[in-house]
Every structure is written in structure tokens, then in C-alpha cells.
Amino acid sequence: MIFFQAGVKVYQGRKTLAHALKDTKTAVKQLNNLVAALIVVVTAVIWLLLMEIATTKVLVFLLTQLAVAAFMFGNTCKNTFEGLIFVFVMHPFDVGDRCVVDGVQLLVEEMNILTTVFLKLNNEKVYYPNSVLATKPITNYYRSPDMGDTIEFSISFTTPLEKIGVMKEKIKRYLEDNPQHWYPNHSVVVQEIENVNKIKIALYTNHTMNFQDWTEKNQRRTELVMELKRIFEELKINYNLLPQTVHLFPIEGH
């Protein structure tokens, strides 16, 4: 099973790399087309000047048309320039990277000079102009180091300290017994005591991976939560709501 999962990860990595190289070639090709068009225009103007074909009136006419074009397509040129800077200089992600933009988790599917195409978790496509992305903070899971996780839970205020100590030991043993999934360093922190009724606790631990593989991350977290449930049941640690006052009023005719 381990070898199968490793093979799947290698295949996915090679597939992502192939898509990234393809999109990089596409972006470079688009850039080459833009530069080639600009060179053709500049060469034509220089040739007209050298051949003394372009008179003052012709140059004035060309400059006038250029000014009109700049007025009409100025915003497009600005977006194109910002897109070039974003794709080739900033380059915050590659195809296949899992990112967070505006608090939404997205998977990079396609990169162009002007736009980037993302996929949401439900495979909904989202198109972002690169000029807009350049102004936003972007979280990149793929380029992040091994990441931490937090699990919060509450136990009864009457839980003996001895049981809490045993609970911590069992959590520590579980993490140490699964080094392929978790680092042994962790912390169990008491956040607060609420209404002298429950103790809010948070478990801070570290995965041996980042969150690029979201499915694997969720599976590991689920297994840890189920282990916590087993520990609570074994130690009979629970939490009960405060008693609620209920008022009953007779209804006429009943």
C-alpha cells in the first residue's frame, strides 16, 4: 500500500510538472509574439526614415495614430505589462500549486500572461486577471514547509488532573507511534475555563507534510481526531452542558 501511494504521488508530480512546463512555454510564446510585433513596427519606422520615404507629415500622422491607439488600448497595455511582471518576475506559483486567495483555497490550473485559471475544491473554475493577483497576498501551500495543525476540544471542569495527565501521555504516544505522519513535538494548551463548567483545550501538532495534498492532510487529521475520541472514551472524559431551567405553564382547556 505504501509503495502504491508513493507511485501515485510520483505520477501526480510528473503530471503537474508537465502541465507547468506546457503553460510556461505558452506564456513565453505569447511574450515572443508581443516582442516580435513591437520589433516589426520599430523596424518599419526606422526603414521608412532611412529610405527617406517617411516625411514630416507621415511621421506626424503616425504619431497621431499612435497617440489614439495609446488612448484606446492604454489600460490593456498596462495590464499586459503588469501581467508580465507577475508571471516572469514575481512568479508566486506554478501550475498544480494549491494556494489561498481572498481566503478561498484554489488549485492553479492554467497560467497566461493576462489571466490565471484556478479550480476550487468543487472543481469550479475561477479566472483572475494577473494585474489583480499582483495586488493580493497569496498563500502557496506547495512552497510551504511542513505545516502545523490545531484541534480544539472541551472537557468537563470536574475532570481529575490525573486523567488529564494520562490523556496527554496517550496523545504523545500516538504521535510518537506515527512518525510518518506527525512530528513528536506538540503541545496541549489549556485555553480557558468557561463558566466554571468546561475547560477549553487545544492540541497543536505538526504534520510531516505541507497542505498541498489536501486529501491526505484531511485523512491524517481525521485519524488523529478519532484517536482522541477513543482516548476520551477509554478514560471516560466527557463534557456536560450546564443544567437548564425549564418553566412549564398550564394551558387552559387541557
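A salt bridge is counted here when a side-chain nitrogen of Lys or Arg lies within 4 Å of a carboxyl oxygen of Asp or Glu. The model is predicted, and by this rule the count comes to 15 salt bridges. One of them joins the side chains of Asp-97 and Arg-143, with an N to O distance of 3.9 Å. Asp-97 sits in the loop between H2 and strand E1 (98-101), while Arg-143 sits in the loop between strand E5 (138-140) and E6, so the pair ties together parts that are 46 residues apart in sequence. Asp-97 has a relative accessibility of 2% and counts as buried, because buried means under 20%. Arg-143, at 42%, counts as partly exposed.

A network of salt bridges links Lys-170, Glu-227, Arg-230 and Glu-234.

Strand E2 (residues 104-111) pairs with E3 in the antiparallel sense over four bridges. Within this pairing, Met-111 has Thr-116 of E3 as its bridge partner.

E3 and E4 form a hairpin with five residues between them, and Asn-123 in the turn has a positive phi of about 70°. Strand E3 (residues 115-119) is mostly covered, with four of its five residues buried.

## Charged pairs around the hairpins

Glu-109 forms a salt bridge with Lys-125, and their closest N and O atoms are 3.4 Å apart. Since Glu-109 belongs to strand E2 and Lys-125 to strand E4, the contact ties together parts that are 16 residues apart in sequence. Glu-109 is partly exposed at 30% relative accessibility, and Lys-125 is partly exposed at 45%.

Lys-120 and Glu-124 form another salt bridge, with the closest N and O atoms 3.8 Å apart. Lys-120 is partly exposed, with a relative accessible area of 29%. Glu-124 counts as partly exposed as well, at 39%.

## The E6-E8-E7 sheet

Three strands make an open sheet in the order E6-E8-E7, with antiparallel pairing. Strand E6 (148-156) and strand E7 (187-194) stand at the edges with a single partner strand each, so one side of each has no neighbour in the sheet. Neighbouring strands are turned by 20° against each other on average, direction ignored. E7 and strand E8 (residues 198-206) run antiparallel and are joined by seven bridges. Ile-193 stands opposite Ile-199 in E8.

Helix H4 (residues 161-177) packs on the sheet and touches E6, E7 and E8. The direction of H4 makes about 20° with that of E8. Helix H5 (residues 214-235) lies across E6 and E8, and runs at about 25° to E6.

## A nonpolar surface patch

Phe-81, Ile-85, Phe-88, Val-89 and Met-90 make a nonpolar surface patch of about 480 Å². Phe-81 is placed in helix H2 (residues 56-90).

Definitions and conventions:
Residues are numbered from 1 along each chain as its sequence is written. This is a predicted model: local features need pLDDT of at least 70, side-chain atom pairs count only at pLDDT 80 or more; totals for chains, interfaces and linings use all residues. Side-chain values use heavy atoms; hydrogens and water are left out. Two strands pair if DSSP finds at least two bridges between them. Helices (H or I, at least four residues) and strands (E, at least two) are DSSP runs, numbered from the N terminus. Axes are lines fitted to C-alpha atoms, for helices over the stretch in contact, and angles run from 0 to 180 degrees between N-to-C directions. Contact means heavy atoms within 4.5 Å. Patches are made of residues with over 30% relative accessible area and no salt bridge: like charges are joined within 9 Å, nonpolar side chains (Val, Leu, Ile, Met, Phe, Trp, Tyr) within 5 Å. Accessible areas come from the Shrake-Rupley method with a 1.4 Å probe; for residues, only the protein chains shown count as cover. Buried means under 20% relative accessible area, exposed over 50%, partly exposed in between (1.4 Å probe, protein chains only).
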